[in-house]
Structures are given as structure tokens and as C-alpha cells.
Amino acid sequence: MSKIAAIALNDLRRTLADRGAVMWMFLLPIVFATFFGLVTGGGSSNPADAQASLTVVDNDCGPVARRLIEDLAGQGVAIDELSQEQRDASEEVVRTLVIPDGFSNAVLSGTQQTLRLEKEPGSSDEAGLVVQARIVAAIARLIGRTVEASEGLEESQPVPQQAYSDVMLPDDLVSVESRFAGNATTRPDGFAQSIPGMAVMFVMLVALTYGAATISAERANGQLRRLITTPVSRAEIVAGKIGGRFVIAAVQITTLVVVGVIANRLFGIAIGDRPFQMWLVLLLYGLVVAPLGIAVGGWFKEPDRAANVGVMATMAMAAFGGCWWPIEVVSKPLKMVALTIPSGWAMKALHGLISFGWGLSDLGTPLLALAAFGVFFTWLAARSLRVD
């Protein structure tokens, strides 16, 4: 076992010393995941995190108007405050809430006021309804504060602005939590698609290109022949080389998952609430592609050819496995193709954890499928890697 570990750790050390390999392992997956996540939607896959944009023209600037705007922002409305002139000049405004001058004084004196919500032609009706509902909720809280501040005053007496500002309403007695129950009917998009997709693709790319090329180069320069002359068996060499590819994949996977968790904490990037389970699925996937890289390297004596074959195999399995687009949007025949390759099963498990509320009990079939691929690829690597 110590000999296997020594071979594996030596491969890890050599890989981390290669700047090109480090870039493909850590930098490019993050860059690609960020780019495609922003292009295809970004944000969170949790429906409770959805935000609707609203431009506010506050002609009053009084305490009631300011508290109304703060309540709207606290309910998930993305507020952009503009003056009337800025609003008229902007081409990006889709809906605007206009608060009239004297709004605060009128409300505190009991005079009825009208808030005007202006919507541009072609704006989303669904988002408009969301904004209207949240405006109504904010108005209800505004009325509650006014009633609380008017306690002890005569019916015709205006509410002092300071009394209104000092009102602290109790926490809501009822809260609503919104999340997907079971299988979501919507497809994963944004970071919920790009993060697992790029992780699966780049783990496989490193194993099938750099991993295959180094094995091919070691065969061509006689390094494997020299290794067999030492007190190491052929089985230990094969196990050490597979272990080396797996350790490299494990370091890569752990780093990417940690970056994902940090991005989730700082920016709300969607990775679901089960990062540990994601890490386990990706580790098993790394154990699957590690021997495949050894097998590809064993088939070719030219490192460049081995790397080229690895790139083509990775691109094909990434496309058909759902790394570039959600497999949920393709036709049924292509969904069946995805289940014939390891990337498809890995993406199925990761989508389940991130987007569809899966737990460990739901991962049985994908994990068994990945384990079967791992056994087959290990057998293939043992037959393909010639060390003499």
C-alpha cells in the first residue's frame, strides 16, 4: 500500500508543479462556470429568492415614503430610485412606482393618497403581478405602523412624524417558506446548471488529457519500464497510477466545491443546501474517470495523440451528458444516451441535489451506475497499461 501511495503522491506533485495543469484544474472551471452561469440566468434556483425590478420615483422623501421603499426592498424587490427626469431619460425602466409629493404628511393626517404604478409596454406580466402583491403587503405594514403611532391621539389629530418613525412592529406571526417539493417542473439554469456542468467536464478533461498524455509519455520515454525493475509489482503500478489520477481529481473537486460554498455564502450563488453530498458524488465520479484516463494513455504511444483523443472524448461526453445544457430540455432519445455515459449519471445526481431536493436516499441508482462504470474502466485500464 505504501508503494501505491508513493506513486500516486508523486503524480500529484508533478501535476501541481505544472502551471498549465493547475490552470485547467482550478482557474478555467471557475471562469467558465461564472461566465455560463451569468449568461444563462445567474442567481439562485430557489423560487423564494426570485426578485422583480422596480424603479421608484420618490417625490416626497418623507418618513412614510422612505419606510414604504425599505419594506419593498425587504420583500425581495430590486429597487432603483431615480428622479422623474432620470426616469424619463432612462431606456431600461420596465415598471415605476411614483410616490406623490406630500405623501407622508397626507398619510399621517389621515388623507387618502394614490400611488401610481406605471408599466412599460412589453414588460413581464408575471413580474408585474409580483410587484403589485408586494406593494400591497408594504402598504398593509404602512397602515399598521400608522395605527400603532396614532394610539392615544385624538381622531382628527395628525400622527407626528417622529412617532411614526419610532414605531417598531412585532415580527410577523406567519412566515411563508417557498421551495421546490420533490421534482421541480422547471429546468436547472444559471449557476445551478453551470457549476455542476463545468465541474464534471473539467474533472474529466484533466483526467483524459493531462492524465492520458503523462501515461503515454512515461511509456514512450521508458519510465514505466524502469519502474517495473524496482521492487514494485505490475498491479501496484497500475493501482498507483489510477490512485494518482484520483488524488489529482480529489484535490480539484475539493477546491471547486469549497469555492462554490464560499460563492454561495458571499453572493448567494446556487449550489443547493447539500454541498457535502455534492462532494461525495464528485469524488465517486473522479474515481470513475481516473482509470479511464489511464486506459486512454495506455492505448497510444504519442502523448499528443492521447491528449487529442482525451479532448474529443471529453467534449462528446460533456455534450451528451448534460454539462453544457440541462439534459431535461433534450429529446427522450438523447436522455437515454446520457444514461450510457458517466457524465450523464453524475449530472443527474448533481441536478437532483442542487435543483430537485434530493437526499442521499435518492442517489442510489446514479451512484450504483457510476460505481459500475468505475469497475469497468479499472478493468480496462489494467488491460491497457503496458509497463514492460
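The mean positions of the 30 positive and 35 negative charges of the protein lie 23 Å apart. In this count Lys and Arg are positive and Asp and Glu negative, while His and the chain ends are not counted; each charge is placed at NZ of Lys, CZ of Arg, CG of Asp or CD of Glu. The model is predicted, and local features need pLDDT of at least 70, side-chain atom pairs count only at pLDDT 80 or more, and totals for chains, interfaces and linings use all residues. Residues are numbered from 1 along each chain as its sequence is written, and side-chain values use heavy atoms, with hydrogens and water left out.

**Overall architecture**

- The protein contains 15 helices and four strands, where helices (H or I, at least four residues) and strands (E, at least two) are DSSP runs numbered from the N terminus.
- The C-alpha trace spans about 100 × 40 × 40 Å along its principal axes.

**Surface and contacts**

- Of the 388 residues, 45% count as buried; buried means under 20% relative accessible area, exposed over 50%, and partly exposed in between (1.4 Å probe, protein chains only).
- The protein exposes about 19,900 Å², of which carbon and sulfur atoms supply 60%. Accessible areas come from the Shrake-Rupley method with a 1.4 Å probe, and for residues only the protein chains shown count as cover.
- Among contacts (heavy atoms within 4.5 Å) between residues at least 6 apart in sequence, 79% join residues at least 24 apart.

**Cysteines**

- Cys-61 is located in the loop between strand S1 (52–58) and helix H3 (63–74). Although Cys-61 is not a glycine, its phi is positive, at about 65°.
- Cys-61 counts as exposed, at 55% relative accessibility, whereas Cys-323 is buried, with a relative accessible area of 1%.
- A search of the whole structure finds zero disulfides, a disulfide being a pair of cysteine sulfur atoms within 2.5 Å.

**Ser-123 and its surroundings**

- Ser-123 sits in the loop between strand S4 (116–119) and helix H6 (125–149) and counts as buried, at 15% relative accessibility.
- Leaving aside neighbours within four places in sequence, Ser-123 is in contact with Val-94 and Arg-95.
- Ser-123 and Gly-357 are 234 residues apart along the chain, and their C-alpha atoms are separated by 32 Å.

**Helix H15**

- Helix H15 (residues 364–384) includes Thr-378, and Arg-383 is found in helix H15 as well.
- Thr-378 counts as partly exposed, at 34% relative accessibility, while Arg-383 is exposed, with a relative accessible area of 59%.
- Beyond its neighbours within four places in sequence, Thr-378 is in contact with Ile-242 and Pro-291.
- Arg-383 and Ala-295 are 88 residues apart in sequence and 8.0 Å apart in space, C-alpha to C-alpha.
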